[in-house]
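Please read it alongside the sequence and the coordinates.

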Amino acid sequence: MRCPFCQHTDSRVLESRSAEAGQSVRRRRECLLCNRRFTTYERIEYVPITVVKRDGSRESFDRSKLLRGIVRACEKTGVESGQIENLVDEIEAQLQQQRFRREVTSNDIGELVLSQLQAVSEVAYIRFASVYRQFQGIRDFVETLNDLQNQSDRLGSDRSPTPEEDNSPRKSADDPRQLTLNDSPQDSPPVSSLAQA
């Protein structure tokens with residue numbers, strides 16, 4: 001493995017560990033000439049995927065380009081780098097599973113990214129969508145925000161109550177127990193009694 005600092009071709013492996021959810025091996029190396037250390041990754045060689053761009057031109061799928069775009073969208077959102085790596089792994093795996101298609105459109109990839117980002121960060125989702133869908137003005141942002149809100153509302157209405165929520169007693173405004181310190185039996189003293197004691 002060629003050293004990125006002095007270009008010497010001999011190095012020794014100091015440490016190897018699984019990375020990227022088991023899809024690669026991370027190796028820490030030391031150059032035998034300059035003694036500087038660097039990291040390499042060993043990955044499975046996938047069948048090449050061709051991306052068809054909007055203008056009809058074609059280029060090879062570039063994982064690092066996809067990663068850079070998602071990193072920019074996730075800046076200052078609190079999304080950790082490990083989450084981003086896993087997200088890119090998932091998208092790449094989905095593309096590789098489409099064995100009957102060796103060509104995918106940039107739109108297909110964009111929609112895959114958005115579907116993953118929606119569950120991770122709504123801010124990152126909006127940022128990525130604004131570039132990928134080429135927003136022209138505030139109306140595009142508002143429409144996308146409304147779509148997100150509608151999807152969130154639908155998910156909320158479809159959610160079944162948990163057993164705790166379903167079995168918890170419903171308190172009414174006239175329930176005197178709402179004036180007590182807790183939900184212990186009804187002989188617990190009300191707050192007003194405690195204040196006078």
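Contact, as used throughout this report, means heavy atoms within 4.5 Å. This is a predicted model, in which local features need pLDDT of at least 70 and side-chain atom pairs count only at pLDDT 80 or more, while totals for chains, interfaces and linings use all residues. Residues are numbered from 1 along each chain as its sequence is written, and side-chain values use heavy atoms, with hydrogens and water left out.

Ser 130 is found in helix α4, where helices (H or I, at least four residues) and strands (E, at least two) are DSSP runs numbered from the N terminus. Once its neighbours within four places in sequence are set aside, Ser 130 is in contact with Phe 135 and Phe 141. With a relative accessible area of 19%, Ser 130 is buried; buried means under 20% relative accessible area, exposed over 50% and partly exposed in between, for a 1.4 Å probe and protein chains only.

Gln 7 has a phi near 70°, a positive value in a residue other than glycine, and Gln 134, also not a glycine, has a positive phi of about 55°. Their places and accessibilities are set out below.

| Residue | Place | Relative accessibility |

**Packing of α3 and α4**

The axes of helix α3 (residues 106-120) and helix α4 (residues 122-132) come within 8 Å and cross at roughly 165°, the axes being lines fitted to C-alpha atoms over the stretch in contact, with angles from 0 to 180 degrees between N-to-C directions. The two helices α3 and α4 are therefore roughly antiparallel to each other, a term for angles over 145 degrees. The residues that make this contact include Val 113, Leu 114 and Leu 117 of α3 and Tyr 125, Phe 128 and Tyr 132 of α4.

**The largest nonpolar core**

A nonpolar core is a set of buried Ala, Val, Leu, Ile, Met, Phe, Trp, Tyr and Cys residues joined through side-chain atoms within 4.5 Å. The largest one has 27 residues, and among those with the most contacts inside it are Ile 70, Ile 91, Val 113 and Leu 117. Two or more residues each come from α1 (63-73), α2 (81-97), α3 and α4, and α4 gives the most, with six residues. Apart from its neighbours within four places in sequence, Ile 70 is in contact with Ile 84, Leu 87, Val 88, Ile 91, Val 113 and Leu 117.

Methods. Angles under 35 degrees count as roughly parallel, over 145 as roughly antiparallel, 65 to 115 as roughly perpendicular and the rest as oblique.
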